[in-house]
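User: Could you take a close look at one residue for me, and then walk me outward from there to the rest of the model?

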Amino acid sequence: MTPAQFREEGKKIIDWIADYYENIEEYPVLSQVKPGEIKDSLPISAPQKSESIDEMIRDLNEKIMPGITHWQSPNFFAYFNSNTSFPSILGDLVSSGLGVQGMIWATSPAATEVETRVLDWLAEMMDMPESFKSTSTGGGVIQDTASTAALTALIAARERATKFQSNNKGLEEKLVAYISTQTHSSVEKGVKIAGIGKDNLRLIDVDENFAMRPDLLEKQIQKDKKDGLHPFFVCGTVGTTSSTAIDPIKAIGEICKQENCWYHIDAASFGTAMICPEFRHFINGVELADSYSFNPHKWMFTNFDCNVFWVANRDELINTFSILPEYLRNKATETGEVFDYRDWHIQLGRRFRSLKLWFVIRHYGVEGLRHHIREHIKLAQDFKNWVAESKDFEVVVEPLLNLISFRHIAGDDFNIRLMNTINETGKIYFTHTKLNGQVVLRMNIGQTHIEEKHVKVAWNIIQETAKKLV
Ligand code: PLP
């Protein structure tokens, strides 16, 4: 394909995407296909001869679109958001167009320096501690997901706990990690990958709001120490996936400082709200953390994948992940004046992912971002009030931000039947979880293009369907 052909075909694809967004509400939100249906519609072998973009667009429409669940629909209320936005799509397109591999500063200085600057912007927008900025001892780096961020923190924590103990061979088996019963499963997975035994992961119980109980954390740490074990890592969460709880960030941080445990904070979804000063108090105490991460690819209008991960002391991270083979040696690295982000995470290669974040922040501006987040939280509160006023439904957890956990009073089976019946219509899509053994319905309100009318329609559908099913 020549640049001239790319120009022509590229316009068709941009038109296709714009048409998609103009018509997005006409698709069933949840894909209605059966397992194998999409695969069976595709040829068994790859084409021998070149095919045209027009043919691909035709197949996109006919074969691929039926198998799409429309995460960008304003009628999507499931899980957590995985938002994108037009500026983000454009930023990502430029990144694809440039096709740079920013593994070290020298392989494309802009890929490193834009990332450093944009993550410092974000730190400032969220009033993060100075130590998390690149201008101080720490800095931020883009990871693919919150799962990888937690794993990165775990490995750095393991390094900290064991580096001065090379003559203590059994130490790794004594390391103990602490999370709550509500912490996302990705942290448990990270513990497994980091080689920490299953028996050395403690699930600390939660209070009536599903937040980790620091008194029980402290007690468990003391018990483990007494048993000759070595506490090394604690993860606090801002916005637990099932229960939307916010762990007591400061109280946990104080215990971590006292016990020299690495303190990681996972704010995957709710982290975006910290842009608004009125919600920033949820992370008071973040200055006690060793690392903090959230996903702009959830609520901050930036398409997947984009997790931001900050550390208070970048040397600990770099010393953990840095290995310098001869073929990567270069003058810039040797000056010690540049960041080589390959030393800040697990993989070597990296895309120019900060471009999409740069486009998003510049397009909306800090004020624009705050406006949208506040609007989503207001809509979520409206929804909660409607649920609270209804005699057939109840609010299960008081929503702190934009996720409402609620249920119909008719019991577990009814709630599941209600949800499945509605989702099968394709009009809206929402999901469930279990809290204290009970089925709970979840409405996550934070879609890029959501408006009040979408939330009102969703509530009407839920009420009307419930009446029919009863
Ligand atoms: N942490 C929390 C609190 C989450 O809610 C999620 C996903 O919803 C994750 C981590 C995992 O996110 P990712 O897909 O970026 O790994």
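**Starting at Val395**

Val395 counts as partly exposed because it has 17 C-beta neighbours inside 10 Å; the scale calls a residue buried with 20 or more other C-beta atoms within 10 Å of its own, exposed with 12 or fewer, and partly exposed in between, with C-beta atoms placed from the backbone. Before going further: this is a predicted model, where local features need pLDDT of at least 70 and side-chain atom pairs count only at pLDDT 80 or more, while totals for chains, interfaces and linings use all residues. Residues are numbered from 1 along each chain as its sequence is written.

Val395 sits in strand S8, residues 393–397 (strands are DSSP runs of E, at least two residues; helices are H or I runs of at least four; both are numbered from the N terminus). Setting aside neighbours within four places in sequence, Val395 touches Lys384, Val387, Ala388, Ile404 and Phe406, where contact means C-beta atoms, placed from the backbone, within 7 Å. His230 is 165 residues away along the chain, and its C-alpha atom is 41 Å from that of Val395.

Lys434 has its bridge partner in S11 at Val439. Two residues lie between these strands, and Asn436 in this hairpin has a positive phi near 50°.

There is also an open sheet of seven strands with mixed pairing, in the order S1-S7-S6-S5-S4-S2-S3; strands pair if DSSP finds at least two bridges between them. Its edges are S1 (139–143) and S3 (201–204), each pairing on one side only. Inside the sheet, S6 (residues 291–294) and S7 (residues 307–311) run antiparallel with four bridges, one of them linking Ser291 to Val311.

Most residues other than glycine have a negative phi, and most peptide bonds are trans. Against that, the bond from Phe304 to Asp305 is cis, with omega near 0°, and Asp305 is in the loop between helix H11 (296–299) and S7. Asn260 has a positive phi of about 55°; this residue lies in the loop between helix H10 (249–259) and strand S5 (262–266) and is exposed, with 11 other C-beta atoms within 10 Å.

Last stop, the ligand. It is surrounded by 15 residues, the closest being Thr145, Ala146, Ser147, His184 and Ala268, where a residue counts as near if its C-beta atom, placed from the backbone, lies within 6 Å. By class, this shell has three nonpolar, eleven polar and one charged residues.

Conventions. Ala, Val, Leu, Ile, Met, Phe, Trp, Tyr, Cys and Pro count as nonpolar, Asp, Glu, Lys and Arg as charged, and the others, Gly among them, as polar. Two residues are in contact if their C-beta atoms, placed from the backbone, lie within 7 Å.
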